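Colleague: Could you walk me through this model, with the cut-offs behind each term? I would like to start with the sheets and then move on to the contacts.

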Amino acid sequence: MSQPSPMITDEQLSAEGLELRNHGQVLLIACGALAREILALTKANGWTHMDLQCLPAIFHNAPEKITPAVKAMIERSRAEYAEIFVVYADCGTGGQLQRLCDDMGVSMIAGPHCYSFFEGNAGFEAREELTCFYLTDFLVRQFDAFFWRPMGLDRHPKLLDMYFGNYTTLVYQAQIQDPALEAKAEECARRMGLTYQYRFTSYGDLAVALTSLAD
Amino acid sequence: MSDQEDDIILSELNDEDLVAQMFDDLYDGLKEEIVEAVNLLLGRDWAPYRVLTEALVGGMTIVGNDFRDGILFVPEVLLAANAMKGGMAILKPLLIATGAPRVGKMVIGTVKGDIHDIGKNLVGMMMEGAGFEVVDLGINNSVDSYLDAIEREGPDILGMSALLTTTMPYMKVVIDTLIEKGMREDYTVLVGGAPLNEEFGKAIGADAYCRDAAVAVETAKEFMARKHNRMAANA
């Protein structure tokens, strides 16, 4: 895989996505929110046969856009690659993304959300945490763009209780150790009126899934 | 919509202008103004049911239409709902006391494992506005919770809501239990929530999937009309 431009920003990943194609054999069609983590893994492991195509991360807030966008990308790309792997969890598509992948003969990573596979789906499910709100590294960095502003909380703070009144805890699942991100996540919890919990997950099942493609 | 809000004295408006102003104030989510206007209309001998239907529901219908058409978004709808809630708090006991017409009764709650209740709350409020009695079971409801409420309350409609892909299959558990107990045909089952769709609603055996609160109200009314027609035919 060609190396990412040092100029790539979270704002670009959110709004536009990312295309890094270098005639690899495997194409990863991923959420833009996972771009940095996927690139870290491919670089660390020397997986030069994997190309990356990220869709806009802001689809996180509009899950109905994910399945059609992934479908279009598979159709556009399948003639060029020996294998395509979708690096989206269900992500609120209500099983539609899995059905699409099954219909098109493409594999995807398992799990309901990225914050589930980052911890490891089995461990995440076992916790049965109903009242936790999860942030990953990307979501901490993009907290205002993905949550605070779209939910209108910058303009109408009184809505906070309507949105998060049933939550108790903000869990920051860290993929990398970064004190600045930890401080920001804690600040997010304070703004939301939630207790704060830090969990270092690294890449969890994402690393497992990509490793299986390398075999 | 209300750029000249500071200049408007609600008590000086005639009924027609006051209702028009309430539409604007609901649209802008101004709870205090709605509360004041509801009290003004009641003070002018408007029946509580008339205040509800002509002022509050009329205003929320505009909000609902603009949400459907992509003009308003969730934060604005929540603010409007919050304003309507202020008006409903005054009207609800009066509606009961005055024996206002009741369209039907609904038991509603989010399913087990799901704490996301914004959609459920919006549906509940809009249903009340449409003349339904609503029993809100809150969040994280087990099969037993739904069944107990159904037996206790005797509703016409059971509403279930879920935001998570992981919790929405629980709706089928509830419906299957109703079937096992021979109770399924006694109730209209409506389901909703962001990851659901019509196909899912059919697959689990619900009567209908409702994509938003306005659709839920219209669907509920439709099923109540069918029920009344059946009862009339069998009478």
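**Sheets and helix contacts**

Colleague: In what order do the five strands of the open sheet in chain B stand?

Modeller: Gladly, with one note at the start: this is a predicted model, where local features need pLDDT of at least 70, side-chain atom pairs count only at pLDDT 80 or more, and totals for chains, interfaces and linings use all residues. Residues are numbered from 1 along each chain as its sequence is written, while chains are lettered from A and ligands numbered from 1 in the order in which they are written. Helices (H or I, at least four residues) and strands (E, at least two) are DSSP runs numbered from the N terminus, and two strands pair if DSSP finds at least two bridges between them. With parallel pairing, the open sheet of chain B has the order β2-β1-β3-β4-β5.

Colleague: Which strands of chain B stand at the edges?

Modeller: An edge strand here has a single partner strand, so one side of it is left without a neighbour in the sheet. In chain B the edge strands are β2 (132–136) and β5 (208–209).

Colleague: What is the bridge partner of Leu158(B) in β4(B)?

Modeller: Strands β3 (residues 157–161) and β4 (residues 188–192) of chain B pair in the parallel sense over five bridges. Across that pairing, the partner of Leu158(B) is Val189(B).

Colleague: What angle does the direction of helix α6 of chain B make with that of β1(B)?

Modeller: Helix α6 (residues 143–153) of chain B packs on the sheet and touches β1 (104–110), β2 and β3 of chain B; a contact means that the C-beta atoms of two residues, placed from the backbone, lie within 7 Å. Axes are lines fitted to C-alpha atoms, for helices over the stretch in contact, and angles run from 0 to 180 degrees between N-to-C directions. For α6(B) and β1(B) the angle is about 165°.

Colleague: Are α6(B) and helix α7 of chain B parallel, perpendicular or oblique to each other?

Modeller: α6(B) and α7 (residues 170–180) of chain B pack at about 50°, with their axes 10 Å apart. Angles under 35 degrees count as roughly parallel, over 145 as roughly antiparallel, 65 to 115 as roughly perpendicular and the rest as oblique. α6(B) and α7(B) are therefore oblique.

Colleague: Is the crossing of α4(B) and α5(B) left-handed or right-handed?

Modeller: Helix α4 (residues 74–97) and helix α5 (residues 118–129) of chain B pack at an angle of about 45°, with axes 11 Å apart. The pair is therefore oblique. A crossing is left-handed if the near helix is turned anticlockwise from the far one by less than a right angle, and right-handed if clockwise. For α4(B) and α5(B) the crossing is left-handed.

Colleague: How many charged residues does the contact of α4(B) with α5(B) have?

Modeller: α4(B) brings Leu78(B), Ala81(B), Met84(B), Lys85(B) and Met88(B), and α5(B) brings Ile118(B), Leu122(B), Met125(B) and Glu128(B). Ala, Val, Leu, Ile, Met, Phe, Trp, Tyr, Cys and Pro count as nonpolar, Asp, Glu, Lys and Arg as charged, and the others, Gly among them, as polar. By class, the contact has seven nonpolar and no polar residues, and the charged ones number two.

Colleague: On the side of chain B that touches chain A, how many residues are nonpolar?

Modeller: In this interface, 18 residues of chain B are in contact with 16 residues of chain A. Helix α4(B) supplies the largest share of the chain B side, three residues. By class, that side has five polar residues and one charged, while the nonpolar count is twelve.

Colleague: Which strands stand at the edges of the open sheet in chain A?

Modeller: Five strands of chain A form this sheet in the order β1-β3-β2-β4-β5, with mixed pairing. The edge strands have a single partner each, and they are β1 (18–20) and β5 (107–108) of chain A.

Colleague: Finally, what is the bridge partner of Phe85(A) in β5(A)?

Modeller: Strand β4 (residues 83–87) of chain A and β5(A) pair in the parallel sense over two bridges. There, Phe85(A) is the partner of Ser107(A).
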